[in-house]
Amino acid sequence: MRHLRALLARIAGLFAGRRADDDLRDELEAHLEMETAEYVRRGMTPADARRQALLSSGGLTQAAEAVRDQRGLPWLESVAADLRYALRSLRRSPGFAVVVVLTLGLGIGANTAIFSVVRGVLLKPLPHRDGDRLVYLRHSVDGPGRGNIEFSVPEVGDFRTGAPALADMAEYSPFFFTLQGDEGAIRIDVGLVTGNYFAIMGLAPVLGRVTQPGDDGTGVPAVMVLTHEFWLRRFGGDSAVVGRQLRMGSKSATVIGILQPAPSFPDKVDAFLNMVISDHHLGALMVTDRSHRMTEVVARLGPGATVAQARTEVAAVFARMQTQHPEAYPATDHHRVAVLPFKEVLGERARTTLWLLMAAAAFVLVISAANVANLTLMRGVRREHELVVRAALGAGVARLRRLLLTENLLLALMGAALGVLIALFGVGLLVAFAERYSPRANEIRLDAWVLGFALALSVMVALLLSFVAALPREGTFASWIAAGGQRVSGNFRGQLLQRGLVVAQVAVSVVLLAGAGLLTRTMMQLSEVETGLVTEDVLTVPVSLFDPTRLDFAADGANKQAYESLRREMLALPGVVEVGVGSTMPLRTSFLAFDVAVEGKAFAPGEAPPHADVRTASPEFLRAAGIPLVRGRDFSATDAPGGGRVAIINQTLADRLFKGEDPIGKQLAFRSEILRLTPISGDWRTIVGVAGNTQDGGLDAQPRAVVYLPFAQEFTIFGGLVVRAGSDAPDLAGTIARIVRRMAPQSPAEPVQTVAQIKDESVAPRRLNAALISSFGLLAVIIAAVGIAGVLAFSVSARTVEIGIRMSLGASGGQVLRMVLGEGGVLLAIGLALGVGGAYLGAGVMRGLLFGVAPHDPATFIAVAATMAGIGTLACWIPALRAARIDPAITMRAA
Amino acid sequence: MADKLDVKQGTLALMILRTLEVLGPLHGYGVARRIEETSSNRLKLNYGTLYPALLKLEQEGFVTGEWRQSENNRRAKYYALTAAGRRQLAREAREWHQTADLIAAFLAPRREAT
């Protein structure tokens, strides 16, 4: 209380001003007079008395100073004085100030924006209670697209009893439903979870309740917890939705609560339900079959348990499972289970990219700080005179350093303010970017941490800048003052430092450019990948008629009829050439994949049988999608339910199974443990054709093996139509979507896209990635170019007299031009060499992000070096031209 | 002035407060004289010591200053003890007594061990 009051009084004292000073003078004067009067009374002469009084006062000026210090906050006042001084001196060189603030602003802005993403996506503690105790289990086998094959319920049971380091495990089965509503049907992605799911995840509802163990099993009502995001998107955050019944297919569930905002993993889901909603999930197959894997597992570490313990235990349990149930774990598949900290898994896909971006941003900051350091050095040389005068007036080294620091802090803080502003705009874009890599993108904020980061960066830069400027050692001021600031040449050390900074800028720019170049090449290569399809003229129309809540196999005939009606309706549209029906749209991965056996062909022991995607296709499908038939025949109307079982395989599978043989007429069959869990039979099928490869597993993946089966002969779980039209295909999308809505209102509305759009979407993250790194690279090059030009210009202006002498002695403008260019060229060349070397060494870390281009791609490196050399030479040219135009007569006279 | 003691900031505040309590509102000169006299001139107060201390007490709310005519018709700033100042004085005096007793006990001539 007392200290607070005193502090307030002192703050008020800062503004006391002249009156307080007058009062103080009066008060001290009164004291002096009273004391003088006292001495007079004791018998001194008035003059002696006054002298004696003054003597005993201990100095009026010192007293006044002491009182003033007590009145205000002296340190604050001296800081304020420094600030005033700094502002004044910056106002005198506005060009310098603007360039520095802009440069630092860009550097700090880039870093702040990227750091906000790194923090939101990778570093921030999870919103889950004790989120660092959560682990995720991943079951993988060999083969493309089989990195996560999930678990079966019996497997989860084994882990639950055999791994005490895991306190408890929650089951989560990704599924999807068609949500019926007033505005039509939509597809919602859901997680079917065990009742302990939310307790284990450490997530709480913001409204209502979450599922509990009491919601497990049969005979309970179906309940539903909406994710925060879906609640806002679909129901506008209306709290009245809690308690409502939502209809999904033939069933409905009661909304019991809204979940707190949390990253959605492993899949982006809209809602969580208990298992009772799905007949399948409570069926014997799901519950008892070891090979029926459609459950994800999240577990919480027990008290005191470590991830390492959990790994050991899980590995032991898994090894036991494999020996006890060899049929469920074919050795050739190499089954393995990983125990991963949940937070790590969430950041898995974003990590490399983000750290790469962070490094790129850091490089930009290094370059901009180097530029500012150079500007400061040059300005320091010009200010030598001023500093000498200040030193002569009694400012010590420490004081001068403080002045510089204040000035640089001011600049850096203004830069940081600009940077935060830039970051504010950038974060919006970056969230959209990060969404493609991380379920935590919505946690990206410019929070206190991020602002603190920006502040720390700017303080660091200010400190660095304050110590690059040369100040004499204490005690050598005299020589400085004697020199009188005449040496405006800049000393050798300063020049060397400036040049070193330019070399560093060029080198770092080259590294950034190389990264940008490689990513851009990657993106171009990806866009040029042949999909094996007609992309522009083909529309894909996903239509789901199967009700996943009910396993109604009898409805299949009616569904097939409905697809046929849709097909005819679309075929009748003007401009439409062909319409096919199939299970899976082109460029989308199939949900079914089995091992394939060939009649009369044995695989070598230990050789894994080929694993092929299964897709169904109507006789028109391949033609409509533009997939070429390499051999044999297409499906025909006779490949009907009653007819012989036939199949078309793709080129990849043909190469794999029938090297040098004609596959037509051969017999193949599916042979997977999970086959009996699906409506697909293991019967022998005659191969009637070979189709071209398509890039369904991703543009950057090896083409996958595919078996096409006649649409009419197989049960339809998923379905859709491909519509081949002319170049006006995109214009038909609206019409076709309306047809689906009219004829199949129970099917959730899904976008009607051309194959080209799907392809484009899959390249988009890479494109953004390349664009971000490229813009950093561009920024770096521009800043570096300004840096070279600045240093050369400074060198030219410092050597005006020398150049004048040279020219008066007969050097031509051209010779001077070459001299300056040469000076810059040396810096450029060293920087280029270092940069290319650095990029060559560093490119390896990007390997995982590249496609179709080697990390040490010579073409990219040459192009990058040429770009940098070109821009650098251009930057040298400007000061060189100025040097060549120096008029010796004028400069010599001025000297 | 080698024989004169310097005053420490903390003790000076106590002396000022006590002086104002005994003598009532008083100007800086009066306070200085009184302290010097009470110390039998062993203490010597600079302006540079006294006035910052008075200002500090004022800022802390223990004294208030007011401009008045002095006894010989000079304008002078008179300091008076506030209620908070009185409480502070009582508190500090008590603490001093305790400290003094304690130190005295420590410094007392050692008794013969029996």
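Author: The model is predicted. Chain B has 114 residues, and 31% of them count as buried.

Reader: In what order do the elements of chain B run from the N terminus on?

Author: Chain B holds 4 helices and 3 strands. Its contacts can also be sorted by sequence separation: of those between residues at least 6 apart, 51% join residues at least 24 apart. Read from the N terminus on, the order is α-β-α-α-β-β-α.

Reader: Which helix gives the most residues to the side of chain A that touches chain B?

Author: The contact takes 23 residues from chain A and 17 residues from chain B. On the chain A side, the elements giving two or more residues are helix H1 (2-14), helix H2 (17-41) and helix H4 (60-71). The top contributor, with 8 residues, is H2(A).

Reader: How many residues on that side of chain A are charged?

Author: Sort the side of chain A that touches chain B by class.

Reader: What separates the centres of domain 3 and domain 4 of chain A?

Author: The domain assignment gives domain 1 as 2-72 and domain 2 as 142-334. Domain 3 comes in two pieces, 351-527 + 762-894, and domain 4 covers 544-749. Taken over C-alpha atoms, the centres of domain 3 and domain 4 of chain A are separated by 57 Å.

Reader: Is A:Ala361 buried or exposed?

Author: A:Ala361 sits in helix H14 (residues 351-392) of chain A. Leaving out residues up to four places away in sequence, A:Ala361 touches A:Ala110, A:Asn111, A:Ile114 and A:Phe776. A residue with 20 or more other C-beta atoms within 10 Å is buried. A:Ala361 has 25 C-beta neighbours inside 10 Å, so its class is buried.

Reader: What distance separates the C-alpha atoms of A:Ala361 and A:Ala865?

Author: Along the chain, these two are 504 residues apart. A:Ala865 belongs to H26(A), where it takes part in the contact with H25(A). Between the two C-alpha atoms the distance is 20 Å.

Reader: Which word describes how H23(A) and H25(A) lie to each other?

Author: Two packed helices are described by the angle between their axes and the distance between the axes. For helix H23 (residues 755-798) and helix H25 (residues 813-842) of chain A, the axes come within 11 Å and cross at roughly 140°. The crossing is right-handed. The pair H23(A) and H25(A) is therefore oblique.

Reader: How many residues in the contact of H23(A) with H25(A) are charged?

Author: H23(A) brings A:Ile788, A:Leu792, A:Ser795 and A:Val796. They meet A:Val820, A:Glu823, A:Gly824, A:Leu827 and A:Leu828 in H25(A). By class there are 6 nonpolar and 2 polar residues, and the charged count is 1.

Reader: Are H25(A) and H26(A) roughly parallel or roughly antiparallel?

Author: H25(A) and helix H26 (residues 858-884) of chain A have axes 8 Å apart, at an angle of about 155°. H25(A) passes H26(A) in a right-handed crossing. Angles over 145 degrees count as roughly antiparallel. H25(A) and H26(A) are therefore roughly antiparallel.

Reader: How many nonpolar residues does the contact of H25(A) with H26(A) have?

Author: Among the residues from H25(A) are A:Val816, A:Leu817 and A:Leu832. Those from H26(A) include A:Phe861, A:Met868 and A:Cys876. The contact has no charged residues and 4 polar ones. Its nonpolar residues number 18.

Conventions: Residues are numbered from 1 along each chain as its sequence is written. Chains are lettered from A and ligands numbered from 1 in the order in which they are written. This is a predicted model: local features need pLDDT of at least 70, side-chain atom pairs count only at pLDDT 80 or more; totals for chains, interfaces and linings use all residues. Domain bounds come from an automatic or database domain assignment. Axes are lines fitted to C-alpha atoms, for helices over the stretch in contact, and angles run from 0 to 180 degrees between N-to-C directions. Angles under 35 degrees count as roughly parallel, over 145 as roughly antiparallel, 65 to 115 as roughly perpendicular and the rest as oblique. A crossing is left-handed if the near helix is turned anticlockwise from the far one by less than a right angle, and right-handed if clockwise. Two residues are in contact if their C-beta atoms, placed from the backbone, lie within 7 Å. Ala, Val, Leu, Ile, Met, Phe, Trp, Tyr, Cys and Pro count as nonpolar, Asp, Glu, Lys and Arg as charged, and the others, Gly among them, as polar. A residue is buried if 20 or more other C-beta atoms lie within 10 Å of its own, exposed if 12 or fewer, and partly exposed in between; C-beta atoms are placed from the backbone.
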